[in-house]
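Work through the exercises below with the sequence and the structure at hand. Each task is followed by a solution in steps.

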Amino acid sequence: MTPHAEPDPQAGAAVKAADRAHVFHSWSAQGLIDPLAVAGAEGSYFWDYEGNRYLDFTSGLVYTNIGYQHPRVVEAIQEQAGRLTTFAPAFALDVRSEAARLIAERTPGDLDKIFFTNGGAEAVENAVRMARLHTGRAKVLSAYRSYHGATSTAINLTGDPRRWASDTASAGVVHFWAPFPYRSPFYSSTEAEECARALRHLEDTIAYEGPATVAAIVLETIPGTAGIMTPPPGYLAGVREICDRHGIVLVLDEVMAGFGRTGRWFAAEHYGVVPDLLTFAKGVNSGYVPLGGVAISAEIAATFDKRPYPGGLTYSGHPLACAAAVATIRVMEDEKVVEHAAHIGETVLGPGLRALAERHPSVGEVRGLGAFWALDLVRDRETREPLVPYNASGDAAAPMAAFGAACKRNGLWPFINMNRTHAVPACNITEAEAKEGLAALDAALTVADQHTV
Ligand code: PMP
């Protein structure tokens with residue numbers, strides 16, 4: 001079905017019935033969901049079988065950084081499939097080394113070796129393993145209000161409440177509070193105060209745990225799923241300094257923030273910080289074929305020069321995924337997608353979202369940059385009480401559900417998490433599309449406003 005094809009509700013119903021029969025969905029009570037049947041997608045849009053078209057302000061799960069069905073990437077996958085669809089990871093392969101080179105050239109500092117995985121969680125798992133083997137230490141520190149994936153170590157590192165349900169052992173994981181000026185865990189009143197207190201808290205946590213037991217600090221450069229909280233100036237540089245002083249490996253998780261999302265290739269560039277390990281996935285190939293990885297510093301790579309790295313994956317550096325990465329990175333260069341994301345953030349999304357905040361009492365704060373924005377929705381602007389309580393479900397979550405439904409009625413597919421909506425479209429969204437999204441949000445926010453005090 002193309003965007004111009006006739007609606008076909010019967011076909012849509014059949015797709016839904018087949019889904020209900022056999023697909024077990026992530027993060028869901030299987031009997032309580034009614035997934036939309038998708039007929040197709042192109043650029044910033046997708047459409048269903050009923051004839052509804054949606055502007056995707058989620059870019060999938062924040063990964064279609066160059067939009068859906070980019071012809072050059074589709075063609076590269078087809079070409080690779082015709083040439084060599086698959087080959088085991090132990091062999092040298094042109095497309096794999098080319099993807100690794102293009103990634104290494106764009107990651108900051110001396111992160112010049114790439115270990116490929118199939119996604120973000122596996123990247124985090126392997127980064128932690130590398131850090132533990134490199135330091136000979138066991139503990140790993142990560143932040144509350146974070147998301148690092150749903151596999152065993154990654155879900156334990158995850159600090160948002162989703163870990164509660166599946167957290168079993170938390171072996172070696174210690175959580176700390178990272179800065180968040182709008183909802184400060186340190187009761188700070190300025191960004192500078194928040195930064196200083198957060199760094200002191202991290203120092204205290206390390207001192208209490210014992211610096212010689214801490215292998216790594218794992219941090220999202222800009223926490224994504226948990227709220228797109230840009231760190232105050234100086235925080236990440238301060239964390240880097242703490243890590244250096246104690247011989248702790250700094251892992252920056254850029255699974256969501258990397259590959260152009262923030263208007264730079266990697267968000268770490270905004271803060272002038274080079275981690276020892278950097279995890280990536282999603283935008284590396286716009287999610288066309290599953291791919292993630294760890295970019296590794298020269299020092300940590302040297303640890304495994306004569307001693308084997310005890311880890312690997314059957315599909316590490318899969319040719320189809322690497323072909324998609326090579327094509328995606330070339331598209332991003334040729335079409336200046338990274339520069340475009342910075343520009344659209346500065347000129348359209350940022351100003352447009354701030355204008356919405358002025359008109360709508362339900363918007364407590366607008367945060368973000370590039371194509372990476374959050375609206376923190378509140379019941380009360382004064383007290384900053386969230387529009388729905390943390391981890392609300394059922395009736396308690398109804399105001400956000402009503403807001404989401406209003407977005408969809410206005411042709412916008414929204415990202416919603418607790419009391420937040422994120423504006424995270426494709427990084428190459430056009431100015432006209434971005435404005436269309438802002439207009440839909442404007443209409444939907446009047447519904448959220450009805451739930452303010
Ligand atoms: N780290 C971060 C920062 C993420 O945003 C995500 C996914 N949202 C992950 C890790 C896990 O990635 P995946 O779902 O590909 O395992």
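Residues are numbered from 1 along each chain as its sequence is written. The model is predicted, and local features need pLDDT of at least 70, side-chain atom pairs count only at pLDDT 80 or more, and totals for chains, interfaces and linings use all residues.

**Exercise 1.** State how the protein chain is divided into domains, and describe the side of domain 1 that touches domain 2.

Solution. 
- Step 1. Domain 1 covers 9-66 + 336-449, and domain 2 covers 71-334; the bounds come from an automatic or database domain assignment.
- Step 2. Taken over C-alpha atoms, the centres of the two domains are 25 Å apart.
- Step 3. Contact joins 28 residues of domain 1 to 26 residues of domain 2, where two residues are in contact if their C-beta atoms, placed from the backbone, lie within 7 Å.
- Step 4. At least two residues each come from α2 (59-62), α13 (337-359), β11 (363-369), β12 (372-380) and β16 (420-423) on the domain 1 side. Helices (H or I, at least four residues) and strands (E, at least two) are DSSP runs, numbered from the N terminus.
- Step 5. α13 gives the most to this side, with five residues.
- Step 6. By class, this side of domain 1 has 14 nonpolar, nine polar and five charged residues. Ala, Val, Leu, Ile, Met, Phe, Trp, Tyr, Cys and Pro count as nonpolar, Asp, Glu, Lys and Arg as charged, and the others, Gly among them, as polar.

**Exercise 2.** Determine how α14 and α15 are arranged, and which residues meet.

Solution. 
- Step 1. Helix α14 (residues 398-409) and helix α15 (residues 431-449) have axes that come within 8 Å and cross at roughly 150°. Axes are lines fitted to C-alpha atoms, for helices over the stretch in contact, and angles run from 0 to 180 degrees between N-to-C directions.
- Step 2. α14 is therefore roughly antiparallel to α15. Angles under 35 degrees count as roughly parallel, over 145 as roughly antiparallel, 65 to 115 as roughly perpendicular and the rest as oblique.
- Step 3. From α14, Pro399, Ala402, Phe403, Ala406 and Cys407 meet Ala440, Leu441, Ala443, Ala444, Val447 and Ala448 of α15.
- Step 4. This contact holds 11 nonpolar, no polar and no charged residues.

**Exercise 3.** Describe the packing of α8 and α9.

Solution. 
- Step 1. Helix α8 (residues 191-209) packs on helix α9 (residues 235-246) at about 25°, with axes 10 Å apart.
- Step 2. α8 is therefore roughly parallel to α9.

**Exercise 4.** Which residues come nearest to the ligand?

Solution. 
- Step 1. Gly119, Gly120, Ala121, Gly149 and Val255 come nearest among the 16 residues around the ligand; a residue is near if its C-beta atom, placed from the backbone, lies within 6 Å.
- Step 2. Helix α5 (residues 120-135) gives the most to this shell, three residues.
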